[in-house]
Amino acid sequence: MLGTGIFKGLAVTAKNFAGSFHDPARFVTTQYPEERTVLPENYRNFPFLVTEDDKDPMGTLRCVACQICEKECPPQCIYIEKSRDKKPDAAGKMQLYPAVFDIDVSVCMSCQICVEVCPFDAIKMDHEFEIATSNRFQPLLLDRGQLAKSNGYFRQIHPTEAAEVDARLAAGRKAAEEKAAAAAKPPPPARQEVQTKPATERPDPPAGGITTEA
Amino acid sequence: MTAGATEPDSWLERLPLIARDLVTGRLPGPWRWIAESLIAIAVVFAVFGLLFAFLTLAERKVLGRIQNRPGPNRAGWGGILQPFADGIKMLTKEDIVPRTADPVLHFLAPVALVCFSLLSLAVIPYGRHLAPLDLDSGVLYFFAAGASSELAVFMAGWAGRNKYSLLAAMRALAQLISYELPLLLSLVPVVMLAGTLSPSGIVAAQSGWSAGFIPHWHILTPWGFAGFAIFMVAALAEANRSPFDLPEAESELIAGHLTEYSGFKYALFFMAEYFAMCALSGMAVTLFLGGWHAPAAALQFIPSYAWFAIKILVLLLGFIWIRATLPRLRIDQLMRLAWKFLLPLALINLLTAAFWHLSAGWGAGAQPLRWGLGLAFVAIPFFIIGRRLSSGLGPRTYRYAAP
């Protein structure tokens, strides 16, 4: 009959109206500043640089300034200057490091391509979304000091991915040590030289060079 | 001021008059009349201004609850100050007048719209002693004032010198004029049977109760029920309310005739829309729901203006409820509904009312027959016209989507 649909609809809305008072489970919204939803693990926005040690973030950046991410970045929001000198990286091998590593987050589109091309697991996606600033130029250009966050933080926000990365890096380091140990055995005298060499044997980037996380 | 003076008045009932006389009591005769009129104007402004403010809040709260969210809850205690925050925001916004617009008309349109909606609030009897202006032809005046708001809508569309505004104003005009007809035809029986165009007289015609608890309201007759339904549907369209809000369909058009308006002028349009909604609800209460009369003789201790307020609030909440439920019509569906459905039903309703009037003298034994015939006069055309109109239109079958 004409018009019955209207009354059915009115009944549905009335049911929702009454239900919203006695059934809090119906509520679809969160009162944001007071309540917070738990972000899904795979949530991502703006990238950050992974450091091994919280105490010395600039000294233990995984980044070796290879500039792949800079070249791949579609909106070209990454700017890297290589260092003149070399510093031992996390595994002890002498590597270049980024003297300047800037990301302009007003340009960044959170596409994750920098993360996927990085052979060193040095750049990862962050969970940070409260990045409002009162100025749209300088505060949105993040330098390496602002970008560096520890591996512990990475484990916290992306536990599955971090465990996988840690296992891969540890396996690489172990393989390098074994290789070094095997190489070290035959000539026992040259001890000092051997000491540095095995450690510098940094694990090769995984086959293909690109880590793809499921 | 109105009929029903024979019944005893409690001090609560006379409270507004006592308060008014306290202020104007010492003035000499002619000045007193002017002062009383000014006070009436000020009270209508204040009451409906506040009602507008809190109606916007209530609307957002109710819509929120219906959509399972809390609605605005930041400004003030649980959001109670939200209307004032909105007002301040609207006042501080930039008032943009397009360079090619006609500045006078552009300014005048929202002002005229608010004026016309306020004019129509003047003749509604809000209580036994509370009719700001007791005109003999108040109903005529009410709808004349309401109809002139169409002029302001077209002024708004014309003044901006924007083709979208103009087109939308044309559509708005088409809608408003089309729905004037069922709106007016649905109240003709009321005027015919009450024998007066005075709102107070129409309220007086609905006084009294059968057996103390069945009020003699017009809605409780077959023609009154049909008339009320047609009136409310047409009132939805006249007040630009969903599901007939396509002059300013915010999710589809830019903003219809409001395209070139910003800041407080934009807010004035909203104010006028809510005033029109309040005025039409007040008129529906007056014409069909017994005005300020209590629903039962035993409930007369509650003052008449409180009953009027309760009835008008129920109707306004109904408007909000309908807005939360129904999707918007298309312009052709809108016109079809007005001209092919509401208009014939309103015309047939005249015959129903005539029958009801002529059969008023039937004895108690013939009452079931009278009611049966009256209801048949209402229901059968509804079914037949509805079936003819909706044949071939639905229900829609979705052939490719999963059920």
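## Contacts of Phe275(B)

Two residues are in contact if their C-beta atoms, placed from the backbone, lie within 7 Å. In this predicted model, Phe275(B) touches Phe48(B), Phe52(B), Val114(B), Ser117(B), Leu118(B) and Leu121(B), when residues up to four places away in sequence are not counted.

## Nonpolar cores

Phe275(B) also belongs to the largest nonpolar core, which has 91 residues. Together with Leu113(B), Phe231(B), Ala234(B), Ala284(B) and Leu342(B), Phe275(B) is among the residues that touch the most other members of this core. Helix α9 of chain B, spanning residues 263-288, supplies the largest share of the core, namely 16 residues.

In soluble globular proteins, nonpolar side chains tend to be buried together.

## Chain A

Chain A contains seven helices and eight strands. Its length is 214 residues, of which 21% count as buried. Among the contacts in chain A with a separation of 6 or more, 69% are accounted for by residues 24 or more positions apart.

## Interface between the chains

The interface brings twelve residues of chain B into contact with twelve residues of chain A. On the side of chain B that touches chain A, the elements giving two or more residues are α2 (29-66), α10 (304-325) and α12 (367-390).

By residue class, this side of chain B divides into six nonpolar, four polar and two charged residues.

Conventions. Residues numbered from 1 in each chain as written. Chains lettered and ligands numbered in written order. Predicted model: local features only at pLDDT ≥ 70, side-chain atom pairs only at ≥ 80, totals over all residues. Core = buried A, V, L, I, M, F, W, Y, C linked by C-beta atoms within 7 Å. Buried ≥ 20, exposed ≤ 12 C-beta atoms within 10 Å, placed from the backbone. Helix = DSSP H or I, 4+ residues; strand = E, 2+ residues; numbered from the N terminus. Nonpolar A, V, L, I, M, F, W, Y, C, P; charged D, E, K, R; others polar.
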